[in-house]
Amino acid sequence: MSSDLEALAPRVIARCRELKVRLVLAEACTGGLITAALTDVPGASAVVERGFVPYSNESKVTQLGVPLDLLQRHGSVSVESVGAMVTGALE
């Protein structure tokens with residue numbers, strides 16, 4: 001894990017606590033690296049609600065309900081696909 005991410009994670013957790021927000025993460029290209037960094041911070045469970053790591057297109061469809069045709073049309077790293085992943089994670 002990068003030292004930048006390790007240094008930033010406690011600040012993210014603290015800021016989320018201040019704002020009284022909880023995090024839902026859906027990360028594909030990062031393979032769960034961000035969620036891992038955040039959950040390494042003591043007390044992160046007060047902030048981190050859940051995380052998804054749908055790396056394959058199939059998992060994006062089954063875990064988050066991203067339409068396969070959207071992934072095929074726009075690609076898995078497109079704004080459209082990421083928006084659908086966010087929607088699915090929040091639902």
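Tutor: We will go from the overall fold to the meeting of the domains. Keep in mind that this is a predicted model.

Student: How many helices and strands are there in the protein?

Tutor: Start by counting elements, then follow their order. Here you find five helices and two strands. From the N terminus on, they run α-β-α-β-α-α-α. The C-alpha trace spans about 40 × 25 × 20 Å along its principal axes.

Student: What does the UniProt annotation cover?

Tutor: The unreviewed UniProt entry gives "domain: CinA C-terminal" for residues 7-90. That span is 56% helix and 11% strand. Its end C-alpha atoms lie 27 Å apart.

Student: Which domains does the domain assignment give?

Tutor: The assignment gives domain 1 as residues 1-53 and domain 2 as residues 55-90. Their centres, taken over C-alpha atoms, are 21 Å apart. Six residues from domain 1 and eight from domain 2 make the contact.

Student: How much area do domain 1 and domain 2 bury between them?

Tutor: Look at the area, then at the atoms that supply it. The two domains bury about 670 Å² between them, with 73% of it on carbon and sulfur atoms. On the side of domain 1 that touches domain 2, six residues are nonpolar, none polar and none charged.

Student: How many salt bridges and polar contacts are there between domain 1 and domain 2?

Tutor: Count each kind separately. Between domain 1 and domain 2 there are zero salt bridges. One residue pair is in polar contact, with both residues at pLDDT 80 or more.

Key:
Residues are numbered from 1 along each chain as its sequence is written. This is a predicted model: local features need pLDDT of at least 70, side-chain atom pairs count only at pLDDT 80 or more; totals for chains, interfaces and linings use all residues. Side-chain values use heavy atoms; hydrogens and water are left out. Domain bounds come from an automatic or database domain assignment. Contact means heavy atoms within 4.5 Å. Buried area is the accessible area (1.4 Å probe) that two parts lose on being put together, summed over both. A salt bridge is a side-chain nitrogen of Lys or Arg within 4 Å of a carboxyl oxygen of Asp or Glu. A polar contact is a pair of N or O atoms within 3.5 Å; within protein, one must be able to donate a hydrogen and the other to accept it, and residues adjacent in sequence count only if both atoms are side-chain atoms. Ala, Val, Leu, Ile, Met, Phe, Trp, Tyr, Cys and Pro count as nonpolar, Asp, Glu, Lys and Arg as charged, and the others, Gly among them, as polar. UniProt positions are given in the numbering used here, feature names are shortened, and annotations may be inferred rather than shown by experiment. Helices (H or I, at least four residues) and strands (E, at least two) are DSSP runs, numbered from the N terminus.
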